[in-house]
Amino acid sequence: MKYALLTGWMLLAIVCASIAQPAAPQEERFTVSGYIKDGTNGEELLYANVYEPTNDVGTTTNLYGFYSLTLPQGTYELTFSYLGYQVLTKKLTLNSNTELNADLIPESAILQEIVVTDKVVNEAVQETGMSRIDLPIEDIKKMPSLLGEPDVIKTIQTLPGVTSAGEGTSAFFVRGGSADQNLVLIDEAPVYDVSHMFGLFSVFNSDIIKSAELYKGGIPSKYGGRLSSLMEVTTRDGNNKRLSASGGIGLLAAKGTIEGPIVKDKASFILSGRRSYADIFMKNNDALDGTTVLFHDLNAKINWKASNKDRFFLSAYSGRDVWKFSDDFKMDWGNTTTTFRWNHLFNERLFSNLTLLYSNFDYALGFSDPVQGFKWKANQQEYSLKEDISYFVTPSLTLKFGYQGIYRKFQPGDIRPTDAETSAFIGVKLQEQYALDHALYIGAEHKITDRLSLDYGVRYSLFQNIGAGTVYEYTDPNDNINIEVIDSTVYDDFEIIKTFQNPEPRFAARYLLDDQSSVKLSYNRMTQYIHLISNSTVPIPFATWAPSSTYLNPQKADQVAAGYFRNFRDDTYEFSVEAYYKKSVDVTAFADNASLFFNKNLSTEFRQGEAESYGVEFFLRKNKGDLRGFASYTWSKTEMTVETINNNKAFPANHDRRHNLNIALAYDINDNWNVGAAFTYGTGRPITLPTGRYDFDGYQVNLYSDRNGYRLPDFHRLDLSVTYEPKKNEGRRWQNSFAAGVYNAYNRQNPFTIYTRTKQDEDGNIIGDGTEKEARLVYLFGALPYVGWNFKF
């Protein structure tokens, strides 16, 4: 607490010193502010540029398209620009605070599909922050993809500093962190499971996404709650000019979107849905009678511009997977989120965003047998209130501060018999857990000189594990075999069980070497108070979460990073190299052979230790021309040390991959044809395997290697695609395109996992006396061709 107060006072002193006015008379200054939008559909443009050349000052719009620029009294020509749009210049006589909105028009004379990149040309060099990468949505759509379904998560897995768990998963690991250490937001609401069909696809429908960005480090003080990364997805607001629709059909799923004005230029809506249809074909197959495999998504959003000072947004997401086998066994899981936002402009320099959030993840398993039938349910819920304020002090200083409060509810499991009269199954309900999560933050974006800029701030987090609940005391809380409860304490509703508090300082600096290059440095401390209860490398939808509590400390991480950034050939090429070091403490792990499902004494399975990660990341991206794309390479190492595990020796983390190389290219042959290629290579991930056997009381027992003592074979794959867009006729709104490609073009059998079994011949007969073992490789996909059709009008 003392450290948090000290950091806060230091920040306040720096800010006060920077805005203190000298004694000499100052010329009168006024503020021009407003919103920058797409002139064809009314969508706010994020991070668009505003520049005033006389004073050589400028700013960018925020996440909601708002800008504010304070200048001396006078007459100016303001330039508004955004990549892919025509530059707009507006003359302004500034003798009072002025509201000035700008509508930018796409560069094409014929209104074509706009490539929204949410970045300026040389942003990577100019911005103070580092370890942040934006994801151009339209470029993602042109890249090869699994079964033709564009996927923002699969693209993230190819970025520097990011690794995947293997073929066909949506899990991603950032700079040595585990998959549960990533904060994934859709319209500011957290999503706890990002996978469909056990990871073949993600929950993000590319047709609804306005922007997507990933922070690997240098995370602003506004965000917290996870150790490793922030992925923020913002959905489109909907066309407020005219009604339009789009959709697509692929091998596995179909999708459709409709959007339009409720009140032209004032209010709009957008509704987008996606559904797989493998279950439809299963119904016509006698061998699969009663089997259902499907997923669906629904995104909805409405927004209302009450005035230039008040805007309201309501967005929601619902997605679900259903797997059903022979009418007897069923499992389903899904996410639901709701976001209400109120943007309010107190004055030209004070911007507020008030947000109410709801997020729910739940899963269910069911077996309909009259004797052994059961229904198993679990969920994780949170309700949140958030207030974020931006104060544009001067063109060189912006303050951001706010508060977030979260109420969390954890239901780890409730299992009931299908029929209480006939079932032999006994119902069990694990204890629910509750928590309150608070955070205050303040941060500054500070341009010290033309070359030196700083982002600095602090986040103070307070977490309370609360009742109702019962906490048990054990003779030895680390003994998960001979469990002995010696006492218990009962807590009432909202009674505090355990409190944790942590300061989380953040700092980033950028020094411009010249207009085309810069060096950067960043540091951040992150704290994570909730923990995924799973010992699987790949997150499965049937895992639960738990709050920090009496036997489970919050996880903490400190990360420092440094980098060099340069643009070449008139900003056509963008290059960067970053090095990082991250130290994590109280990282959650579990005892060997831990029992994690329906364990009333789960706290005896908890183990916590340390993790150390470091690496170097190279990134080259081509932003202009007929040929676009990027190449990334990462060398990294992650080791963990956990008491009582691996004889207290350090071992590679499950997701440790030494080398990762990714190349993704898209080439416009002409106005109608585009081809794409993506290649990925990665060192095999660690795995623990039996190294021998020994006899114990007449039983043959496996002798295992050190934890993660072996590695799977290296992973590599080539994907190819081609897209055809028929010539657009001027004046016609109808547009469509056809896509085809092949996933894993040279049919590489990439290992997903390895298991051991008794050695058998080709017919499945056991060889010898049955004591000899053999390793078997499991892989998921060979070469998979796909076709798809998309339309828009």
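# Legends to the close-up views

**Pro136 lies in the loop between β9 and α3 (137-142).** Helices (H or I, at least four residues) and strands (E, at least two) are DSSP runs, numbered from the N terminus. The model is predicted: local features need pLDDT of at least 70 and side-chain atom pairs count only at pLDDT 80 or more, whereas totals for chains, interfaces and linings use all residues. Residues are numbered from 1 along each chain as its sequence is written, and side-chain values use heavy atoms, with hydrogens and water left out. Pro136 counts as buried because its relative accessibility is 12%; buried means under 20% relative accessible area, exposed over 50% and partly exposed in between (1.4 Å probe, protein chains only). Ser211 is 75 residues away from Pro136 along the chain, yet the two C-alpha atoms are separated by 7.3 Å.

Two strands pair if DSSP finds at least two bridges between them. Strand β12 (residues 182-186) runs antiparallel to β13, with two bridges between them. In this pair, Leu185 is placed opposite Pro190 of β13.

**Phe30 belongs to strand β1 (residues 29-38).** Phe30 is classed as buried because its relative accessible area is 12%. When residues up to four places away in sequence are set aside, Phe30 touches Leu69, Thr70, Leu71, Gln73, Leu94, Asn95, Ser96 and Asn97; contact means heavy atoms within 4.5 Å. Gly74 lies 44 residues from Phe30 in sequence, with a C-alpha to C-alpha distance of 9.3 Å.

**Asn299 is located in strand β21 (residues 292-305).** With a relative accessible area of 3%, Asn299 is buried. Beyond its neighbours within four places in sequence, the contacts of Asn299 include Ile186, Asn205, Ile208 and Thr235. Ile270, Leu271 and Ser272 are also in contact with Asn299, as are Ala316 and Tyr317.

**Strand β23 (residues 329-347) pairs with β22 (residues 310-325) and with β24 (residues 350-367).** The pairing of β22 with β23 is antiparallel and comprises 16 bridges. Here Ser318 has Thr336 of β23 as its bridge partner. Strands β23 and β24 also run antiparallel, joined by 18 bridges, and a hairpin connects them through two residues. Within the latter pair, Met331 faces Leu365 of β24 as its opposite residue.

**Strand β47 (residues 715-724) has one covered and one uncovered face.** In a regular strand the side chains alternate between the two faces of the sheet. The covered face of β47 holds Phe715, Arg717, Asp719, Ser721 and Thr723, while His716, Leu718, Leu720, Val722 and Tyr724 are on the uncovered face. Strand β42 (residues 673-682) pairs with β47 in the antiparallel sense over ten bridges, and Gly682 is opposite Phe715. Strand β48 (residues 735-743) is likewise antiparallel to β47, with five bridges; Ser721 stands opposite Gly741 of β48.

Of the 32 residues lining the largest cavity, Lys154, Gln157, Thr158, Arg717 and Asp719 are the closest to its centre. A cavity is a set of points, on a 1 Å grid over the protein atoms alone, where a 1.4 Å probe fits but cannot get out, and lining residues have an atom within 4 Å of a point. Grid points are joined across faces, edges and corners, and a volume is the space filled by probe spheres set on the points. By this rule there are eleven cavities of 30 Å³ or more. Elements that each supply at least two residues of the lining of the largest cavity are α4 (152-156), β10 (162-164), β41 (659-668), β42 and β47. Strand β42 gives the largest share, five residues. The lining comprises 13 nonpolar, 13 polar and six charged residues; Ala, Val, Leu, Ile, Met, Phe, Trp, Tyr, Cys and Pro count as nonpolar, Asp, Glu, Lys and Arg as charged, and the others, Gly among them, as polar.

**The protein chain as a whole contains five helices and 51 strands.** Of its 793 residues, 53% are buried. Among contacts between residues at least 6 apart in sequence, 65% join residues at least 24 apart.

How values were computed: 1 Å grid on protein atoms, 1.4 Å probe; cavity = no way out; pocket = protein on both sides within 12 Å on 5 of 7 lines; lining within 4 Å.
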